[in-house]
Amino acid sequence: MAAGEGDAWERIRNGMNLQYPEKKQVKRAIDWYRKNPAYLDRLAQRARPYLAHIVREVEKHELPMEFALLPVVESAFRERAYSSAGAAGLWQFMPSTGKRYGLKQNWWYDGRRDVVESTRAALDYLTSLMQEFNDDPLLAIAAYNWGEGNVRRAISRNRARGKPTDVWSLRLPRETRTHVYRFVAISRIIEEPDRYGVVLQPIPDQVYFRPVALDGQVELAFAAKLAGISTREIRRLNPGFKRSATAPGGPHRLQLPTDAAQRFTATLARLPTDRDRRWIRHAVVPGDTLGAIATRYGTSVKALKDTNGLASDRIFAGTHLTIPVALGLRGVALADSSAPEHRSVPGTDDTFEPEGPATTIHHVRNGDNLWLIARRHAVDIEQLAAWNDLSVESILMPGQQLTVHHGGSRPLPAALLRTSPQENARANAVHVVQYGDTLSEIAVRRGTTVLALTELNRIEEDAILLPGQELRLNPAAYADPDSGPQRIRYRVKHGDSLWAISRQFGVSVASLRRWNQLSVNDLLFPGRELFVHLSDSPTS
């Protein structure tokens with residue numbers, strides 16, 4: 001820490017004044033923390049950007065300083081934490097409780113994950129609980145976990161039987177009781193780390209971030225670029241935003257490191273006027289729907305209807321829609337552009353337009369994304385993004401032009417771009433992340449579960465997904481170590497048939513029989529392994 005900065009742990013320690021009775025369950029929890037110093041180190045690392053802010057908010061609410069440690073028990077300071085019951089964020093708000101305390105939750109944004117907003121809401125809730133339970137902090141903690149109504153009824157039952165009504169005397173669920181024990185344990189460790197032989201990683205007692213107001217939609221990657229920080233950092237400080245961009249319209253508030261916030265504001269003010277235009281003109285064609293258009297442009301149906309004054313979801317071919325687009329997109333046709341709209345004709349080769357011996361102009365078509373374009377031109381996605389001043393998460397618009405540098409090479413021949421059996425198999429075993437994808441949406445669309453995806457791909461439930469990223473889908477298919485990448489082994493599952501497996505991998509039933517020496521009378525049993533040759537033709 002810089003000289004004179006102070007330590008946030010010390011500030012908490014100086015504000016503590018609660019006394020707790022000795023309990024063996026609390027001692028067990030303290031022993032666990034003592035025996036897991038690496039856990040406390042990780043905890044301090046996650047708390048580092050937020051703790052100083054939380055401490056100051058606890059002081060403003062005039063609550064016990066120990067409450068600044070509640071996120072340790074609730075989420076281990078993981079701002080994107082989700083519980084199996086549906087609670088989310090640093091303070092683990094349930095959807096209904098979050099709404100009661102003013103936390104917005106929609107497709108674009110979840111206020112339960114917004115550290116600033118959820119801290120405000122949590123401390124408002126705790127203030128209410130302290131008032132209801134006669135300023136007893138442990139009853140307030142129990143009610144925060146179990147619900148004030150449940151604690152109220154537990155107190156009434158004890159009173160009716162002439163029993164004490166402190167938290168230790170109430171009949172509480174095991175989870176709530178454990179919650180209270182851990183809260184007391186971590187409070188004691190922070191208050192007296194030397195007594196328990198614990199070394200706490202210092203955290204500067206200085207608020208790390210400050211808010212920057214925005215009046216419209218912005219890509220998070222573009223905002224990070226303006227601020228001079230990484231996309232990972234801006235996502236870390238703004239976990240409430242669930243997509244790669246803020247919602248259409250505004251106002252919005254971005255949390256940025258203090259020095260980066262100043263840089264962001266100054267850089268934004270210097271941008272040319274045409275960079276700040278956030279509208280494009282879309283010609284409605286047969287088959288278009290508001291939902292499909294909203295997905296294509298990274299906006300919402302409501303934003304489209306509000307912008308265009310639509311009373312219903314019906315749209316008609318030949319009309320035009322004005323589309324709100326996030327600040328940060330480049331090369332799109334703007335609403336006041338008089339240039340003719342690009343239309344690609346199936347079967348023509350108008351995607352490529354030569355600009356020089358080693359450079360190509362790619363005209364973006366419906367359904368294109370950076371990963372697909374990079375693959376088609378045999379270039380790296382990050383290089384492609386850099387050449388066009390984009391991020392790998394950028395939304396592409398039909399008609400947008402991208403520059404592709406080949407270093408003297410030519411685009412891949414069309415014959416090599418046709419779908420092969422190997423690609424068919426890959427499509428069933430791997431999901432390529434698209435803009436706006438989430439693990440839950442991918443799980444529903446691909447017939448799996450979030451748990452299966454996280455275990456197969458060794459990622460967390462709150463992992464940031466980037467367009468172009470590949471996720472494994474099929475645990476039953478794996479490479480055959482004896483024959484290289486052109487053949488895999490497939491483990492038969494309950495309900496499988498040769499026909500279903502052949503459709504899954506884009507091969508023929510006859511090929512499956514030949515590769516595995518099966519007769520027409522052979523039966524498949526769950527657990528049996530079959531060879532699938534990915535390089536053979538479907539009819540071989």
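Start with E132 and R152, whose side chains form a salt bridge in this predicted model. Their closest N and O atoms sit 2.5 Å apart. This pair ties together distant parts of the chain: E132 belongs to helix α7, while R152 belongs to helix α9 (residues 148-160), 20 residues apart. Both ends count as partly exposed, with relative accessibility of 33% for E132 and 40% for R152.

Stay in helix α7 (residues 115-132) and you'll find another pair, D124 and R120. These two are four residues apart, about one turn of the helix, and their side chains meet in a salt bridge at 3.6 Å, N to O. D124 is partly exposed at 28%, and so is R120 at 25%.

Now hop over to helix α1 (residues 8-15), where R13 and E10 lie three residues apart, again about one turn. Their salt bridge has its closest N and O atoms 2.4 Å apart. Here R13 counts as buried because its relative accessible area is 19%, and the cut-off is under 20%. E10, at 35%, is partly exposed.

Salt bridges can also join up: R11, R56, E59 and D205 are linked in a network of them. In total, the structure holds 16 salt bridges.

What about how helices pack? Take α2 (residues 24-35) and α10 (residues 174-191): their axes are 8 Å apart and meet at an angle of about 60°, which makes α2 oblique to α10. The crossing is right-handed. On the α2 side, the contact uses Q25, V26, A29, I30 and Y33, and residues they meet in α10 include Y181, V184 and I189. By class, that contact has nine nonpolar, one polar and two charged residues.

Notes. Residues numbered from 1 in each chain as written. Predicted model: local features only at pLDDT ≥ 70, side-chain atom pairs only at ≥ 80, totals over all residues. Heavy atoms only, no water. Axes fitted to C-alpha atoms, helices over the stretch in contact; angles between N-to-C directions. Parallel < 35°, antiparallel > 145°, perpendicular 65-115°, else oblique. Left-handed = near helix turned anticlockwise from the far one by under 90°. Contact = heavy atoms within 4.5 Å. Nonpolar A, V, L, I, M, F, W, Y, C, P; charged D, E, K, R; others polar. Salt bridge = Lys/Arg side-chain N within 4 Å of Asp/Glu carboxyl O. Buried < 20%, exposed > 50% of the residue type's maximum accessible area, 1.4 Å probe, protein only.
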